Amino acid sequence: MTADDHLPGPVAVLANPTAGRGRHRALLPRLLDGLAAAGRPVRLLPASSPAEAEAACRAAVADGAGALVTIGGDGTVHRALQAVAGTDVPFGPIPAGTGNDFALDTGFPADPLVAADVIASALRDGRSRPVDLARMTGADGVERWYGAVLGAGFDAIVNERANRMRWPRGPRRYDLAILVELARLRPRRYTLRLDGVPHELDAVLVAVGNCPTYGGGMRICPDADPTDGLLDVVVAGRVDRWTLIRVKPRIYQGTHVSHPLVRSFRARTVELTAEGITTYADGERSLDLPVTITAVPGALRLLR
C-alpha cells in the first residue's frame, strides 16, 4: 500500500453547460481552478443528457470519488443527489442555473465563484455539515431522492404542459402553459397520510418541502428547514383561477400560507395519492402518484 492510498479520492465535478441558458459557461475554467485550489485532483464528468449525468455521478461515487460537486441549477443537483444520498461522499452545489433553490436554501453564496471558494475551503479543511433529504418511494418500489421541494398539483401540471410544447422557446413557454392550465383549473381529490393519519381533501396544489423554495425563489414551504428531520406540506384547497392569480405573487414572500384556503402540515412521512398526477421534484419530472415521501435526517453531507 502506498502513501497515496490514504488520500481521499478525486473531486468529481458534474457541470451543465446549458444551465441558466448558458450564462455561466465561460466561468467553467475559473470554477475548476477554484476547486483545484483545495489541493485535490479535479475530474470533470462526461455527460450529454440528464440520464448520462446521473449515471456518471453514480459511477464516480462507486469508483471512489472523494467528493462530488455540481455546476448548474436544481436539475443538475437532483441528478447528483441520486448518487451521494445516504453515503459519506460530501457534496457541494455551485449555483449556476435558472433555479438554484437547494444551494441557496442550504447557505451557499449565489455567486458561483464565491461558492466554489467556500467548497474548496471545506475540501481543504475536511469539513462537511449534515443536512436532510427527502426520499420518495413509488408504487412499484422505485426510490428517488430530492433536496428542495416536490410539487404534485397545478405546478406539476404546468410543467407537464410546458414540456410537451415545442413553441415558444424559453420562459415564455412556461408562461403560456400557465395560461392554458389556469383555464382548465379544477380541484382534485387527494388522500394525504401524514405519519399514518389520513386526510381527504380537494386541492389545486400540494407541495412537500425539505427546503422552503422552488421555481427560482418561490417560498412555497416558507417554514421548511432541511435540518429538522421533518417535511413541510403546503396545500392550496378549492381555489379558483382568479384567487390563484391573486395569491401567486405572495408565494415569493411566503405570505400565501396565511390565506384561508391554504393549509400547512408537518410530518416525517407523507403518503400522497391522487389520480393522474406526475410529481416534479427539484423541478425535474419524477414519480407518478401515489408516492411515499420520507424525511431522512443527515442523508447528505454538504461541503460548507
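The lining of the second largest pocket divides by class into 6 nonpolar, 6 charged and no polar residues, where Ala, Val, Leu, Ile, Met, Phe, Trp, Tyr, Cys and Pro count as nonpolar, Asp, Glu, Lys and Arg as charged, and the others, Gly among them, as polar. The model is predicted, with local features needing pLDDT of at least 70 and side-chain atom pairs counting only at pLDDT 80 or more, while totals for chains, interfaces and linings use all residues. Residues are numbered from 1 along each chain as its sequence is written, and side-chain values use heavy atoms, without hydrogens and water.

Among the residues that line this pocket are Phe154, Ile157, Glu160 and Arg164, together with Arg188 and Tyr190. Helix H6 (154–164) and strand E8 (188–194) each provide at least two lining residues, and the largest share, 4 residues, belongs to H6. The pocket holds about 180 Å³ of space.

Elsewhere, the axes of helix H1 (residues 28–36) and helix H5 (residues 112–125) come within 8 Å and cross at roughly 20°, which makes H1 roughly parallel to H5, a label given to angles under 35 degrees. The crossing of H1 past H5 is right-handed. On the H1 side the contact (heavy atoms within 4.5 Å) is made by Arg30, Leu31, Gly34 and Leu35, and on the H5 side by Pro112, Leu113, Ala116, Ile119 and Ala120. By class, this contact has 7 nonpolar, 1 polar and 1 charged residues.

Note on methods:
1 Å grid on protein atoms, 1.4 Å probe; cavity = no way out; pocket = protein on both sides within 12 Å on 5 of 7 lines; lining within 4 Å. Points joined across faces, edges and corners; volume = space filled by probe spheres on them. Axes fitted to C-alpha atoms, helices over the stretch in contact; angles between N-to-C directions. Parallel < 35°, antiparallel > 145°, perpendicular 65-115°, else oblique. Left-handed = near helix turned anticlockwise from the far one by under 90°.
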